[in-house]
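Thanks for coming. Please have a look at the sequence and the structure, and then I will go through them.

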Amino acid sequence: MTMAVTEKAARSHEFATQIIRLAPGAVLLAVVLILWEAAIRLFSVSLFVLPAPSDIAGALVTNAATLAAATLVTAKEVLIGFALAVIVGIALALLIVRFRLLGRALYPLIVLFQTVPKVALAPIFILWFGYDLAPKVILIMVIAFFPVTLDMLAGLQSVEQSFVSLMRSVGARDNDVMLHVRIPHALPHLMAGMKVAITFSVIGAIVGEFAGASAGLGYVIQFASTQLDTPMVFAALVVVSVVGVVFYYLIEMLEHLLVPWAPKFDAANRI
Amino acid sequence: MRLVRNSATSRQFDNAPAGVAAKSGTQLAGQGGFDAMPNGPIGRPAAHGSQPMITARNVIISYPGTRSGPAVIDGVDLAIGAGSIVSLIGPSGCGKSTLLKAMAGLVAPTQGQIEVAGTSAAATAQRRLVGLVFQEANLLPWKSALENAAFLLQVSDRSVSRKEAHERAADNLKLVGLGHALQKLPSQLSGGMRQRVSIARALTLNPQILLMDEPFGALDAITREEMSYLMLDIWERTQKTIVLVTHSIDEAVLLSHDVHVMGAHPGRIICSITVPLGFPRNNASFADPRFRETEMLLRDRLIESHGGRGGTASAEERK
C-alpha cells in the first residue's frame with residue numbers, strides 16, 4: 001500500500017517536474033506568437049506574404065480533412081522509408097565491422113555517397129521508380145541511413161578491447177562477441193542515430209513529394225503555394241512539424257523501453 | 001621435470017647487476033631452469049610450487065605479430081609454480097601485459113614457447129584454463145551482478161545450465177563479499193564492487209589460473225588495499241595460481257611469492273625476487289622489517305629498470 005502511494009507521489013512529482021521543464025519553451029512560443037500576431041495587424045501585412053498565427057489556425061481548422069488525408073500519406077512514406085533506412089543502416093554497420101576487408105572497401109564509398117546532395121536525386125528517382133510511394137521511400141532511405149550506420153558503427157566499436165580479450169580468453173568466437181557484447185552495446189548509439197534519421201526522414205518525404213506527387217503534405221504545400229494560399233502552406237508546415245515531433249518522441253519512448261540501462265543523451269534535461 | 005619453481009626464482013637480495021639475471025636465464029633456456037643459482041626456498045609454504053603451472057622459454061614477441069617488427073618481449077624465461085602468486089612489475093612499455101596475454105593464448109610468441117598446465121599457451125582459451133581480470137571491470141551494464149558473474153561461463157560452456165551457472169556465480173559473489181548485491185546493476189555498484197564482480201566472474205569459470213592485468217589500477221588507495229586482502233583471502237581458499245601485473249610495489253610484495261621485475265626496450269625480466277614472508281599475510285605484514293627490505297630492493301631494481309642511478313641505497317648497503 002505505502003509502496004504504491006509513494007510510487008504514485010513520485011510519479012506525480014516527476015510529471016510536475018516535466019511541466020516545469022516545458023514551461024519556459026511554452027512561454028517563449030506564446031510571446032513570439034503574440035508579437036507575430038501584433039506585428040501583422042499593426043503593419044497590415046498582406047495575407048499572401050505572411051499570415052498571422054490566427055490565419056494559420058483558421059486554415060488548419062477549415063482544411064482539417066484535407067490535411068488529415070495528406071498526413072496519412074506522408075506518415076506512411078516516412079514510416080516505411082525510415083524502417084528501410086534503419087534496416088539498411090544497421091546491415092551496413094554489421095557488414096563493415098564483421099568483414100574488415102569489405103568494410104574497408106565500403107566505408108569510403110558510403111562517405112562519398114553521403115556528400116552527394118540527395119535532393120538532386122529526387123527527380124531521378126521519380127524517373128526510375130514512378131510517381132507513387134516507391135520513389136519517396138527510396139529517397140528517404142538514402143537520406144536517412146547514414147546517421148544510423150555511423151552511430152551503429154560507433155556503438156559496435158565502443159566495446160573495450162579488454163572485453164574482447166576477456167571473451168577470447170574463454171574461447172568465445174567472433175559471433176559470440178558480436179551477439180552478446182557488441183550489438184547490445186551499440187543499442188544506445190543506434191537509438192541516437194535513429195533520432196537523427198527520423199527527422200531526416202520527414203525532410204526526405206517532403207522533398208520527394210515536391211519532386212512529383214499527387215498526395216501528401218509536401219504536395220499540399222506545393223499546390224497551396226501555386227494558389228498563393230499562404231495560410232494553407234503554413235498550416236501544412238505546422239502539421240509536418242507535429243508529425244516529426246511525434247515520431248521523434250515515439251523513438252525516445254522505444255529507447256526507454258529497449259535500453260533503460262543506457263546513459264541518457266537527453267539534451268533537454270542537461271539545461 | 002627438472003624445472004623446479006623454487007630454484008627458478010630466487011635471486012633474492014642478490015646485488016648482482018640486473019643484466020646478469022636475464023642473461024643467465026637466456027643461457028639456460030631449453031634446459032628448463034632460468035636461474036643459475038639454485039637457492040633454497042625462503043619463507044614459502046612447501047605445499048606450493050613444486051610443479052610449474054606456467055613456463056616460458058626464451059620467449060620473444062614482436063608486434064604486430066611479425067618477425068621483423070621491434071620486439072616487445074625479448075627473451076623471457078619464467079617458471080610459475082602451481083598454486084603460487086607471482087607479480088610482474090616494471091615500467092610502462094616493458095611488455096608485462098603482453099606477456100600476460102601470451103599466457104592467456106591471446107598473443108602468440110614470435111619465438112620460444114609458453115606452456116600452460118602442460119600444453120602450449122595457444123590452447124589456453126580452448127581449455128578454459130585462465131580467468132582474466134583487467135583494470136576495467138568490463139561488466140555488461142544491462143545485466144545484474146549475478147548475470148555478469150555467470151556470463152563468461154555461460155558463453156564459453158554450453159553444457160552448463162543457466163541455473164548451475166547462476167549458482168556458481170552466486171557462490172563466487174559471496175566469496176568476494178557481494179552476497180548482498182546479487183541483483184544490483186553495475187551502475188548501482190562502486191568501482192571496487194564492480195571489480196569484485198569481475199573477479200567473481202573469473203572465479204566462476206573455475207580456472208586453474210587467474211591472470212590479472214593491473215586489476216586495481218583505477219581504484220583509490222584504501223579500496224586497493226581492501227582488494228589486496230580479498231585476493232589473499234581468495235588465494236587461501238582456492239589455492240589458484242595467480243599472475244598479477246601491477247605498478248604498485250606494495251601490492252606486489254604483499255601478495256606475491258615471487259616478484260619479477262621487468263625492464264623495457266626491449267621487454268625482459270631483469271631480476272626475480274622471492275618475498276621472504278610466510279602466509280597468511282595481512283595488514284600486519286606491512287610492519288615486518290623484511291617487507292620493507294623487499295620493498296626497498298624492488299624499488300632500487302625498478303629505478304635501475306627505468307635507467308636511473310637509484311635514488312636510495314640498496315637494502316644491503318643500508319644494513
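Along its sequence, chain A reads α-α-α-α-α-α-α-α-α-α-α. That is eleven helices and zero strands, where helices (H or I, at least four residues) and strands (E, at least two) are DSSP runs numbered from the N terminus. This is a predicted model, in which local features need pLDDT of at least 70 and side-chain atom pairs count only at pLDDT 80 or more, while totals for chains, interfaces and linings use all residues. Residues are numbered from 1 along each chain as its sequence is written, and chains are lettered from A and ligands numbered from 1 in the order in which they are written.

Staying with chain A, its C-alpha atoms fill a box of roughly 75 × 65 × 30 Å along the principal axes. Of its 271 residues, 32% are buried, that is, with 20 or more other C-beta atoms within 10 Å of their own, C-beta atoms being placed from the backbone.

Now chain B. Here four strands form an open, antiparallel sheet in the order β2-β1-β4-β5; strands pair if DSSP finds at least two bridges between them. At the edges are β2 (71–81) and β5 (119–120) of chain B, each pairing on one side only. Strand β1 (residues 52–62) of chain B is joined to β2(B) by eight bridges. B:V59, for one, has B:V76 in β2(B) as its bridge partner.

Last, the contact between the chains. It takes 15 residues from chain A and 19 from chain B, counting residues whose C-beta atoms, placed from the backbone, lie within 7 Å. On the chain B side, the largest share, three residues, comes from α5(B).

Note on methods: A residue is buried if 20 or more other C-beta atoms lie within 10 Å of its own, exposed if 12 or fewer, and partly exposed in between; C-beta atoms are placed from the backbone. Two residues are in contact if their C-beta atoms, placed from the backbone, lie within 7 Å.
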